Amino acid sequence: MIAAASDAIWGNRAACGRMYRVRCSGATNQGVPQPCKSTSVVVKIVDYCPPGCQGTIDLSQETFSAIANTDAGKIKIEWFEVLLDYGLVMTTLC
């Protein structure tokens, strides 16, 4: 599961490769009043969401559909960084 980070967490590439647990916390419009599924996912930041991005984390379609109804288009999310230490070097795309 992948995502792009906006200026809010990008930190001049510091967020690249970081992992975040993301959960839908509610609707942003009247189109789908209850879009959330009762699950969360861990995403890896692999790209930058340029200025004007309308959210903190821009989820891939696969990731979005895992936590919410895709008809909503945009949702409120809760997120926190996940620290993993498997003794492995993780490659990043950023």
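This is a predicted model: local features need pLDDT of at least 70, side-chain atom pairs count only at pLDDT 80 or more; totals for chains, interfaces and linings use all residues.

Reader: What makes S2 and S3 paired strands?

Author: Strands here are DSSP runs of E with at least two residues, helices are runs of H or I with at least four, and both are numbered from the N terminus. Two strands pair if DSSP finds at least two bridges between them. Strand S2 (residues 19–27) and strand S3 (residues 40–48) are joined by five bridges and run antiparallel, so they meet the rule for a pair. As one example, Arg-23 has Ser-40 in S3 as its bridge partner.

Reader: Which sense does the pairing of S2 with S5 have, and over how many bridges?

Author: S2 and strand S5 (residues 75–82) pair in the antiparallel sense, over eight bridges. Met-19, for instance, has Val-82 in S5 as its bridge partner.

Reader: Why is the pair of Trp-10 and Tyr-48 called tilted?

Author: Rings of Phe, Tyr and Trp (its six-membered ring) pair if their centres lie within 6.5 Å; planes under 30 degrees apart count as stacked, over 60 as edge-to-face and the rest as tilted. A search of the whole structure finds two aromatic pairs. In one of them, the ring centres of Trp-10 and Tyr-48 are 5.0 Å apart and the planes are at 45°, so the pair is tilted. This pair links distant parts of the chain, since Trp-10 is in helix H1 (residues 7–10) and Tyr-48 is in strand S3, 38 residues apart.

Reader: And what makes the pair of Tyr-20 and Trp-79 edge-to-face?

Author: Tyr-20 and Trp-79 have 75° between their planes and 5.5 Å from centre to centre, which is an edge-to-face pair. Tyr-20 lies in strand S2 and Trp-79 in strand S5, so the pair ties together parts that are 59 residues apart in sequence.

Reader: What makes the phi of Asn-12 worth a look?

Author: Most residues other than glycine have a negative phi. The phi of Asn-12 is near 55°, a positive value in a residue other than glycine. Asn-12 sits in the loop between H1 and S2, and with a relative accessible area of 73% it is exposed. Arg-13 is found in that loop between H1 and S2 too, and has a positive phi of about 85° although it is not a glycine.

Reader: Finally, how much of the chain is helix and how much is strand?

Author: Over residues 1–82 the chain is 13% helix and 40% strand, with the end C-alpha atoms 14 Å apart.

Terms used. Residues are numbered from 1 along each chain as its sequence is written. Side-chain values use heavy atoms; hydrogens and water are left out. Buried means under 20% relative accessible area, exposed over 50%, partly exposed in between (1.4 Å probe, protein chains only).
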